[in-house]
Amino acid sequence: MSKLISYAQWCEVFNKIENWEIGHTDSEIINAIDNGTIDWVSGVAERFTNQLLTLINKRFTKLETFYNARIKTCYDQFNLSNLLILFRKELVFLKHLANIPAIPESVSKQIVKEIEDYAENVQKSLLESSKKDLSGSLKQIILDIKINNI
């Protein structure tokens, strides 16, 4: 059953998500995302969409910072694989967030496309950087755990 959530309550949900560490989930927030609605009226719709896009962009930045800090300590295939899985998991969550029932499908599709484009660009960048590894093992891991497979 959908529950009407005010714009201010949605902003609280977005703020909690913004402050999550990478890989964190909260069932209460997931429930709000999956079941919350909002009156999609002029003014509110624009602010809500802007808040959602701002949140997603901040999560992209946080994810990149997280990745760049962790990649320096990934000295084996196991740790690198876990890092890529966590990266992909975050993108899956952002895609889930973009598909919340509270927003019209047309808006959702645009946001999902931005997330998918981001994932595609990061995947290409990872593959490009893997060319420096002469053993080919880095490239194989990146191909096995495609972060754009969301």
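Which residues does F48 touch, not counting residues up to four places away in sequence? In this predicted model, the set consists of Y7, W10, F14, I38, W40, I100 and I103. F48 is found in helix α3. Its relative accessible area is 0%, so F48 is buried. The C-alpha atoms of F48 and W10 lie 8.1 Å apart. In sequence, the two residues are separated by 38 positions.

The chain as a whole contains six helices and two strands. Read from the N terminus, the order of elements is β-α-α-β-α-α-α-α. Along the principal axes, the C-alpha atoms fill a box of roughly 55 × 25 × 25 Å. The chain has 150 residues, and 38% of them are buried. Contacts between residues 24 or more positions apart were also counted. They account for 73% of the contacts in the chain with a separation of 6 or more.

The largest nonpolar core comprises 45 residues. W10, I17, L84, L91 and L97 have the most contacts inside this core. Six helices each supply at least two of its residues: α1, α2, α3 (44-71), α4, α5 (105-129) and α6 (137-144). For L97, neighbours within four places in sequence were left aside. The remaining contacts of L97 are with F14, I17, I33, L52, L55 and I56. One of these partners, I17, is itself among the core residues with the most contacts. F14 is in contact with L97 and also touches F48. W10, another of the core residues with the most contacts, is likewise touched by F48.

Helix α2 spans residues 27-35. Within α2, the residues I29, A32 and I33 are buried. They cover an arc of only 100° around the axis, and therefore sit on the same side of α2. An α-helix has 3.6 residues a turn, so residues three or four places apart point the same way. The face of α2 turned away from the buried side carries S27 and E28, which are exposed.

The largest pocket has a volume of about 240 Å³. Its lining consists of K3, I5, Q9, E12, V13, K16, E28, I29, N31, A32 and G36. The elements giving two or more residues to this lining are α1 and α2. By class, the lining divides into four nonpolar, three polar and four charged residues.

Helices α3, α4, α5 and α6 each supply at least two residues of the lining. The most come from α6, with four residues. Ten residues of this lining are nonpolar, three are polar and one is charged. For the lining of the largest pocket, the corresponding classes hold four nonpolar, three polar and four charged residues.

Technical notes
Residues numbered from 1 in each chain as written. Predicted model: local features only at pLDDT ≥ 70, side-chain atom pairs only at ≥ 80, totals over all residues. Heavy atoms only, no water. Buried < 20%, exposed > 50% of the residue type's maximum accessible area, 1.4 Å probe, protein only. Arc of directions from axis to C-beta. Core = buried A, V, L, I, M, F, W, Y, C linked by side-chain atoms within 4.5 Å. Contact = heavy atoms within 4.5 Å. 1 Å grid on protein atoms, 1.4 Å probe; cavity = no way out; pocket = protein on both sides within 12 Å on 5 of 7 lines; lining within 4 Å. Points joined across faces, edges and corners; volume = space filled by probe spheres on them. Nonpolar A, V, L, I, M, F, W, Y, C, P; charged D, E, K, R; others polar.
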